[in-house]
Amino acid sequence: MKIVAVGAIFFGEALSIIAELIASKQFGKAGGDLTTLLPMFLLISVGGILLVFGYALGYMHLENIWIIIAISVGAILVVEPILTILLFRDAPTAGSLIGLVLGALGTLAAIFL
């Protein structure tokens with residue numbers, strides 16, 4: 001069940017991030033037309049349901065909310081840069097890359113220390 005909880009958190013974060021990135025890309029291309037965002041509302045809703053399920057199930061089995069938060073932040077640190085590169089074909093700047101590495105180190109410290 002712990003693996004199911006972690007998987008739900010990862011997939012929930014991934015769906016939410018995909019919805020955010022696609023919405024920002026489409027909204028810019030459509031000149032601010034709000035109807036382009038409607039499918040992304042559905043996608044982020046599914047992602048949110050998975051996140052709530054993952055948090056609840058994870059806390060029930062791990063009994064430590066900080067581990068769940070570290071898993072969630074870790075998922076964001078892994079998934080968001082990958083999806084951003086794939087969708088936008090844009091490399092991070094030096095400052096954002098340093099910030100990403102420091103955030104990853106902080107997440108690892110929260111999990112293992």
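Me: How many of the residues count as buried?
Reply: Of the 113 residues in the protein, 27% are buried, meaning under 20% relative accessible area with a 1.4 Å probe and protein chains only, while exposed is over 50% and partly exposed is in between. Bear in mind that this is a predicted model, where local features need pLDDT of at least 70, side-chain atom pairs need 80 or more, and totals for chains, interfaces and linings take in all residues. Numbering starts from 1 along each chain as its sequence is written, and side-chain values use heavy atoms, without hydrogens or water.

Me: OK, and what's the fold made of, how many helices and strands?
Reply: Four helices and zero strands, so DSSP runs of H or I with at least four residues for helices, and of E with at least two for strands, numbered from the N terminus. The order is α-α-α-α.

Me: What box do the C-alpha atoms fill?
Reply: Roughly 45 × 35 × 15 Å along the principal axes.

Me: What share of the contacts comes from residues 24 or more positions apart?
Reply: They make up 77% of the contacts with a separation of 6 or more, a contact being heavy atoms within 4.5 Å.

Me: Let's switch to H2. What span should it have, and what does it have?
Reply: Helix H2 covers residues 38-62, 25 residues, and should span 36 Å at 1.5 Å a residue; the expected span is 1.5 Å times one less than the number of residues. Its end C-alpha atoms are 36 Å apart, which agrees.

Me: Which residues of H2 are buried?
Reply: Met40, Gly47, Leu51, Gly54, Leu57 and Gly58.

Me: And what covers them?
Reply: The cover includes helix H1 (2-29) and helix H3 (65-88).

Me: Which residues does UniProt list as transmembrane region?
Reply: The unreviewed UniProt entry lists 40-58, 65-88 and 94-112. Those positions are in the numbering used here, feature names are shortened, and annotations may be inferred rather than shown by experiment. In the model, 40-58 is 100% helix, with end C-alpha atoms 26 Å apart. Residues 65-88 are also 100% helix, and there the ends lie 33 Å apart.
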